[in-house]
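Here is a short walk through one protein model. Keep the sequence and the 3D view side by side as you read.

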Amino acid sequence: MIAMKEETKVLKAEAERGRQLYRSSLIDQSEAKKMINPYLDAVNEKAIEIAKKYSMKPRKVQFHSFVR
């Protein structure tokens, strides 16, 4: 298991909270994106880094996939 940095844990917790609120219809999509996008940016950056290491195409996470 890969150890997560403290900053990433905080971003993930905020993203999970945003997803829960969005799925409960307590916030709209634009508010949810503000909460979730910093985490997705960090995850996608790491995906690009790992893909380059192994000469592969990165598998990025999109907003709609995350909130499903």
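A salt bridge is a side-chain nitrogen of Lys or Arg within 4 Å of a carboxyl oxygen of Asp or Glu. This is a predicted model, in which local features need pLDDT of at least 70, side-chain atom pairs count only at pLDDT 80 or more, and totals for chains, interfaces and linings use all residues. Residues are numbered from 1 along each chain as its sequence is written, and side-chain values use heavy atoms, with hydrogens and water left out.

How many salt bridges does the structure hold? It holds three. Start with Lys46 and Glu49, whose side chains meet at 3.4 Å, N to O. Both lie in helix H2, three residues apart, about one turn of the helix. Helices (H or I, at least four residues) are DSSP runs, numbered from the N terminus. Lys46 is partly exposed at 44% relative accessibility. Glu49 is partly exposed too, at 47%. Here buried means under 20% relative accessible area, exposed over 50%, and partly exposed in between (1.4 Å probe, protein chains only).

Now go to helix H1, residues 6-23. Arg17 pairs with Glu14 there, and their closest N and O atoms are 3.3 Å apart. These two are three residues apart, about one turn of the helix. Arg17 has a relative accessible area of 43%, so it counts as partly exposed. Glu14, at 32%, also counts as partly exposed.

Glu16 and Arg19 form another salt bridge, at 2.6 Å, N to O. They are three residues apart in helix H1, so about one helical turn separates them. Glu16 is partly exposed at 28% relative accessibility.

Return to helix H2, which spans residues 29-53. Leaving aside neighbours within four places in sequence, Asn44 is in contact (heavy atoms within 4.5 Å) with Lys60 and Val61.

Last, look at Ile50, also placed in helix H2. Ile50 is partly exposed, with a relative accessible area of 39%. Together with Tyr54 and Met56, Ile50 forms a nonpolar patch on the surface, with about 350 Å² of accessible area together. Such patches are made of residues with over 30% relative accessible area and no salt bridge, with nonpolar side chains (Val, Leu, Ile, Met, Phe, Trp, Tyr) joined within 5 Å. Accessible areas come from the Shrake-Rupley method with a 1.4 Å probe; for residues, only the protein chains shown count as cover.

Definitions and conventions
Patch = residues over 30% accessible without salt bridge, like charges linked within 9 Å, V, L, I, M, F, W, Y side chains within 5 Å.
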